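Please consider the structure before reading on.

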Amino acid sequence: MSLFDFIRKQRPLKSAQTAKDRLQILLAHERSSGSTGGADYLPMLQRDIVAAIRKYVEIGDKDVEVRMERGDQMSSLEINIELPKTATKAE
Amino acid sequence: MTTEPAEKPPLGRVIVITSGKGGVGKTTSSAAISAALAKKGFRTVVVDFDVGLRNLDMIMGCERRVVFDFINVIQGDAKLKQALIKDKRLDTLSILPTSQTRDKDALTKEGVERILNELKQEFDYIVCDSPAGIERGAQLAMYFADEAVVVTNPEVSSVRDSDRVLGLLSSQTKRAETAGADPIKAQVLITRYDPSRVEIGEMMTVEDVLEILAVPLLGVIPESKAILRASNVGTPVVLDGPSAAAEAYEDAVTRLTGTDLQMRIVEERRPGLFQRLFGRSA
């Protein structure tokens, strides 16, 4: 289109390419998890983890923080549990 | 969220972004308006009400960080704090994504009310991104609103649907049903406005649209290439560098927060010869 189009080729990622990349990553995750589409197991997983920890330590529902970062190569699930000062359960 | 004693109590205003017709720019506007509010320092949360067709997360650029959603919180599977996603660009901005998997029946009036009340304790503005249509999801998005922004294109079907939605706002909402309550403050936001087509009579003017709808004007957002570019990269347009659309949204939000600001039509700059030769593109 313009005289200097050949220079633009070296420019950083065009926004359309970013859009395509973002969609490919997201849709790969959504399709692979089938019609249930996504991390629907997370509430259950969280409940199980909290239950397991409660066998040993008293923690509240609000002491659990779950974070996720989906990537194209790998995704990470981060679960932070704040333990109270008074450590283990008596008995 | 920590509440320091010096901190002002949150305003807790609920604003619904609605339109009836799909594709007129509700989600784009929800993202831009909430980001502009947060930029002004207001504690802001934007809530996606489009259950089953989640898209606000993509427009906000946080789609990879969704763990829990609105429905999880309504059903008690997660705490509100866990479902809120903090924006990485503005620390005053949070996103509450919707569920991609459930259907719209998962929303209940009681559940929505409970969560909005909880959000009111922490946020100045709660921006509700309504789904298209006038069914359950759209009704619940507007039901508890204090204010409404009706997104309208200067085009016959969009204006007709906006009129319909304005009717619902003044009859099928909590404020309408509560005796003695002030009605919802509804304002029109005209989007995809093309001054050059208006000039040659190919598009209805702002005045035409307002004459038909007979509600106050919040702002006029010009047709702008910046919108697609911003959604490509997952950034609300007001955070994606200067553009006519960004300026117009900032103006609209200034009015939304109660400041009187003269209406102007911000035009997208036409690239000159120099720019066409050397210029940047989206």
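Q: How much space lies in the largest cavity?
A: This is a predicted model, in which local features need pLDDT of at least 70, side-chain atom pairs count only at pLDDT 80 or more, and totals for chains, interfaces and linings use all residues. A cavity is a set of points, on a 1 Å grid over the protein atoms alone, where a 1.4 Å probe fits but cannot get out, and its volume is the space filled by probe spheres set on the points, which are joined across faces, edges and corners. The space in the largest cavity is about 40 Å³.

Q: Which element gives the most to the lining of the largest cavity?
A: Lining residues have an atom within 4 Å of a point, and B:T28, B:A31, B:I59, B:I227, B:A230, B:S231, B:T235, B:P236 and B:V237 meet this for the largest cavity. Two or more residues come from each of α1 (26-39) and α11 (225-233) of chain B, helices being DSSP runs of H or I with at least four residues, and strands runs of E with at least two, numbered from the N terminus. With three residues, the largest contribution is that of α11(B).

Q: How many residues of helix α6 of chain B are buried?
A: Buried means under 20% relative accessible area, exposed over 50% and partly exposed in between, with a 1.4 Å probe and protein chains only. B:G137, B:A138, B:L140, B:A141, B:M142 and B:Y143 are buried in α6(B), and their cover includes β1 (13-18), α5 (109-120) and β5 (125-129) of chain B. Helix α6 (residues 136-143) is mostly covered, the buried count among its eight residues being six.

Q: Within what arc do the buried residues of α10(B) fall?
A: The buried residues of helix α10 (residues 206-213) of chain B are B:V206, B:V209 and B:L213. Seen down the axis, they line one face of the helix, because the arc of their directions from the helix axis to the C-beta atoms is within 70°. The face turned away from the buried side carries exposed B:E207 and B:E211.

Q: Is B:T254 buried or exposed?
A: B:T254 lies in helix α12 (residues 244-256) of chain B. Leaving aside neighbours within four places in sequence, B:T254 is in contact (heavy atoms within 4.5 Å) with B:K40, B:T259 and B:L261. Its relative accessibility is 16%, so B:T254 counts as buried.

Conventions. Residues numbered from 1 in each chain as written. Chains lettered and ligands numbered in written order. Heavy atoms only, no water. 1 Å grid on protein atoms, 1.4 Å probe; cavity = no way out; pocket = protein on both sides within 12 Å on 5 of 7 lines; lining within 4 Å.
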